[in-house]
Amino acid sequence: MTYFLFDGPDSAPVTILLAHGAGAPMDSASMAATAKALATAGFRVARFEFHYMAARRYGHRKPPPRAETVNPEYIKAIADLRAKGVTGKLIIGGKSMGGRVASMVADEMFAKGEIEGLVCLGYPFHPPGKPEQLRTKHLADLKTPTLIFQGTRDEFGTKDEVATYGLSEAIQVVWLEDGDHDLKPRKAVSGFSTADHLKTVAETVKAWMAWPSASSS
């Protein structure tokens with residue numbers, strides 16, 4: 001059974017399942033701050049770790065595997081979350097690699113009615129300094145409603161680069177001024193704090209989740 005860290009009210013109508021990035025665990029400062037911001041906006045947030053990261057807690061220093069090899073772990077986490085009694089609407093996503101893995105399983109889960117959408121925080125469009133090594137092929141025809149939050153200073157995909165990618169119309173990219181790969185801005189430069197950007201993330205997801213009722217009213 002997948003181990004989860006929970007934030008936010010048990011009674012929330014929407015739960016967000018988040019996976020970590022390649023190098024930092026689910027309880028990193030960045031992940032904790034993101035979960036807190038989303039919980040403050042009224043979401044139930046569940047964080048989990050892939051096996052290689054969980055193993056590090058027991059002294060096993062495993063490097064990150066190829067992202068696609070942990071797709072089954074993400075699908076299992078969805079099933080385990082439901083098995084724990086979490087009901088209602090579910091959004092999947094994560095930080096960097098975690099969001100990328102979620103994006104690779106999203107359409108299968110969306111087609112089955114398991115999830116409502118996908119949220120990626122700092123999508124790794126390519127390795128830093130290697131813009132030719134794109135990780136976007138599956139994003140061209142993605143069917144799942146998707147929000148990607150990207151800092152304008154993100155070395156894994158700049159605003160100018162992303163504009164050329166031909167992403168699916170289901171994807172909305174939200175740019176956060178001066179944010180790095182952790183969405184962290186330089187306040188002296190931008191006037192924004194990390195907390196400001198995380199609040200924008202949470203409020204944007206909340207407004208976005210209102211799409212069914214907005215269209216039917």
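Which strands does helix H1 (residues 29-40) lie across? In this predicted model, H1 lies across E1, E2, E3, E4 and E5.

**View 1. Helices H1 and H4 on the strands.** Strand E2 covers residues 14-19, strand E3 residues 44-48 and strand E4 residues 89-95. Helix H1 runs at about 160° to E3. Helix H4 (residues 97-111) lies across E2, E4 and E5, and its angle to E4 is about 135°.

**View 2. The open sheet.** Seven strands with mixed pairing make up an open sheet, ordered E1-E3-E2-E4-E5-E6-E7. Strand E1 (5-7) and strand E7 (171-176) are the edge strands, each pairing on one side only. From one strand to the next, the twist averages 20°.

**View 3. Strands E5 and E6.** E5 (residues 117-121) and E6 (residues 146-151) run parallel and are joined by four bridges. Leu118 stands opposite Thr146 in E6.

**View 4. Aromatic pairs.** Seven aromatic pairs are found in a search of the whole structure. One of them is the tilted pair of Phe4 and Phe6, at 5.9 Å centre to centre with 40° between the planes. Phe4 is buried, at 6% relative accessible area, whereas Phe6 is partly exposed, at 30%. Ring pairs link Phe4 and Phe6 with Phe48, Phe50 and Tyr74 into a cluster.

**View 5. Phe125 and Tyr165.** The ring centres of Phe125 and Tyr165 are 5.5 Å apart and the planes are at 45°, so this pair is tilted. Phe125 lies in the loop between E5 and E6, and Tyr165 in the loop between helix H5 (159-162) and E7, so the pair ties together parts 40 residues apart in sequence. Both Phe125 and Tyr165 are buried.

Definitions and conventions
Residues are numbered from 1 along each chain as its sequence is written. This is a predicted model: local features need pLDDT of at least 70, side-chain atom pairs count only at pLDDT 80 or more; totals for chains, interfaces and linings use all residues. Side-chain values use heavy atoms; hydrogens and water are left out. Two strands pair if DSSP finds at least two bridges between them. Helices (H or I, at least four residues) and strands (E, at least two) are DSSP runs, numbered from the N terminus. Axes are lines fitted to C-alpha atoms, for helices over the stretch in contact, and angles run from 0 to 180 degrees between N-to-C directions. Contact means heavy atoms within 4.5 Å. Rings of Phe, Tyr and Trp (its six-membered ring) pair if their centres lie within 6.5 Å; planes under 30 degrees apart count as stacked, over 60 as edge-to-face and the rest as tilted. Buried means under 20% relative accessible area, exposed over 50%, partly exposed in between (1.4 Å probe, protein chains only).
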